[in-house]
Amino acid sequence: MPSKPGLIEVVGTEPAFHLRADGVSYLFRVTRHGHLEHVHFGPALGHLEAAADYEPLVVKQASGHSGVTYTESDPGYCLDYVPQEVSGLGKGDYRLPSVEVRLPDGGTTTDLRYVGHTLHEGVVPCQDGLPTAIAEPGQAATLEVRLADGDLELTLFYTVFAAANTVTRRTVLTNNGAGPVAIRRLMSQQVDLPDRGFDLVTFDGAWAAETHRHVRAVGRGIYINSSATGFSSNRHNPGVLLARRGAGEDHGEVYGFNLVYSGNHYTAVELSHREQVRVQSGINPVGFDWTLGSGERFETPEAVLSYSSDGFNGLSANLHAFVGDHIVRGEWADRPRPVLLNSWEAVSFDINERNLIAMARQGKRLGVELFVLDDGWFGDRNDDRAGLGDWDVNPKKLPDGLGGLASKVRDLGLDFGLWVEPEMVNPDSKLYREHPDWAIQLPGREPSLGRHQLVLDLTRPEIRDHIVAELSTVLDSAPISYVKWDSNRTFSDLYSTACPAGELPHRYVLGLYDVLRRVFGPRPQILLESCASGGNRFDLGMLCFSPQVWASDCTDPIERLAIQLGLSYLYPPSTIGAHVTASPSEQTLRATPLSTRFNVAAIGVLGYELDPRSLTPSERREVRAQIAFYKAHRATCQYGRLRRADPVRPGQLTVSLHDADGEPRLVGHYQTRLTAAGPPEWLPIPGLDASRRYRVTARPQSHSIRDFGRLVNHISPVPIRDGGTLQRLVDRHYRMPANAETYSGTGATLSRLQLAPQFDGSGIDDRTRLLGEYGSTLYVVEAE
């Protein structure tokens, strides 16, 4: 078949394959011995007519070398020196293999060589239940390359998404022999790059401290970013970046790698003795052992690769476009997400209908659009030790059931949402007492619990059928427009009657995807937000089903800055659930201004998770103004292009959100540490047209009188004792407005805007900015 003009070129008779995105080229060729040699992944190369056009990019090999020669008839050909698209064991390449199998005769050597290829319009979906990227006609094209070694057939799928400057890859292994083949390792993608002095950037953490950015130089040896928890994990997000040393937010070469998968993932980066950097991504081989019977096939998750020469922001723009256009799907893909009020941090398990309705009523007055009932509504769920698995409404808490509560909430003018945790079961539950064998645990041994619960075995179809039936009954019992799907422990004690332990984690993920399709496919009107103890499963696989993910159980805005900005390198704001909660934080005990709690949560999908009845009248006015501001700028907050600024000074962060034309619309300026007598500050605003005039205005916000303690007496006409009755009374009804900031000028002058001075301990006037240790400001940018 001839090449597809514009997206995929087949060059020459060897042949070579040129995948062409708008600004990126991915090029590899078939060698004289039938192996796939990687040639280029980086800036666009333009049209290639023949092999001579790309020959300057090919790694040259000497006629003599110290390695193992592939064949005596060709002494200059050594696989250990060839940059490869796929690699096996036993033929002289001693770097990490992308394929490792045990053959029926016990051997492990594989020599996979080119057989043929096919070009396809658009995408080629996975056949084995894994989600893959989607595309409208004309947005993508797919190259299918077939290799073989004896009875093994390996098929590589490459799909190029032109506008997103992204290529996806996945691998299918088929056993055409009579005996079983054991798969020990099968990567979704492998690419060998020339070393350019790279830094590896990963996003690591723990519960309540997810996706903190870490950078280390790539040196000789192997670095592995992986999860073995059964989830994509809060420890190491599947997404990693490879940046040329010295790259910044807006300059330098950056590569991005991710995986459309929600289970045990693995990315390895190896710098070889030949100064080549091998990057592999796929299912974690640790504990993985899959038997491939005669005639069977195994398909890997889809890997995502992108490149930008415009720094981390350029790479993020590619990845955000890819997620928005090709991962998130369904009715909620591009729709404005509602501002919600969640019950958890307000009442925890202590719920009753009267209090819930009172909270919802007050939330409606503040401007929220959706009320979400979190944990505690079902079974004997009075704490986290009982009830999971029993999805019948607790009549003592909700005498009129979910339908009665939802109707009353909707009568207030709000939509109604619900929390569920269907993958888990408490030993203290009716479900477990009836079906103890449904939980993943070793027979005859005491199981290890996490949060007093066990994981249901989703590899078994009868258990999936039960979950689908139970959830369908719940979701159809009331007008539910939103579901928060939680999962609060990771795997242990792997055993199943349905499959060997080495297959269980992957089969579990396939089972999860099956349940999600069957539950939400018939109910596309429901907005699904995925959660797993916060960000324990923030990945592209879940985003194929849930357009947004709860980023972290930590809602402290200072911690959230690191978490959300870490996520922003890989995922757009529309995918990041973020809430304003009470102060001090339940997770850190840190006290922060109400304004900063909003200013951080606004860079994402906004919600509130507090009891609005406990707010003072002055705080309610502030929250009402926050929600009104967010609604006015919702399209920018959720779907604007996010750009991070390189740090201007320690303890300060700047983030901007831009429209489709690249014009800035909002700029967030955040202070995580304050020093006395600080230097003058400037605010970077990228994307301004140098010749146009703009106005930059700070969002109106206010300060609690209590935050100033006795210092308020410097401006108060009457003495106010710190902690006294008068202070509480004044604070209840009055908040000190922040100074009004407005700046005008051309794009050339405002791109490095000098801000009004902060309070420096020596005086105050109407120009002084009162931010304090954890202060922040959102600036609106408008063309005059």
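A polar contact is taken here as a pair of N or O atoms within 3.5 Å, where within protein one atom must be able to donate a hydrogen and the other to accept it, and where residues adjacent in sequence count only if both atoms are side-chain atoms. The structure is a predicted model, in which local features need pLDDT of at least 70 and side-chain atom pairs count only at pLDDT 80 or more, whereas totals for chains, interfaces and linings use all residues. Residues are numbered from 1 along each chain as its sequence is written, and side-chain values use heavy atoms, with hydrogens and water left out.

By this criterion, the side chain of Arg337 makes a polar contact of 3.2 Å with the side chain of Gln548, and a polar contact of 3.2 Å also links the side chains of Arg337 and Tyr639. Arg337 lies in the loop between α2 (311–327) and β21 (340–342); helices (H or I, at least four residues) and strands (E, at least two) are DSSP runs numbered from the N terminus. Because its relative accessibility is 0%, Arg337 counts as buried, a class defined by under 20% relative accessible area with a 1.4 Å probe and protein chains only. Apart from neighbours within four places in sequence, the residues in contact with Arg337 (heavy atoms within 4.5 Å) include Val328, Trp332, Leu527, Pro547, Ser574, Val605 and Arg634.

Thr777 belongs to strand β40 (residues 776–783) and, with residues up to four places away in sequence not counted, touches Asn599, Val667, Gly668, His669, Ala698, Gln701, Glu741 and Leu771.

For the protein as a whole, 15 helices and 40 strands are assigned, and buried residues make up 60% of the 784 residues. Of the contacts with a separation of 6 or more, 70% are between residues 24 or more positions apart. The C-alpha trace spans about 100 × 70 × 40 Å along its principal axes. The radius of gyration is 28 Å, which agrees with the value near 28 Å that a compact globule of 784 residues would have; this radius is taken over C-alpha atoms, and the globule rule is 2.2 Å times the number of residues to the power 0.38. The protein exposes about 28900 Å², of which carbon and sulfur atoms supply 51%, the accessible areas coming from the Shrake-Rupley method with a 1.4 Å probe and, for residues, with only the protein chains shown counting as cover.

Conventions
Buried means under 20% relative accessible area, exposed over 50%, partly exposed in between (1.4 Å probe, protein chains only).
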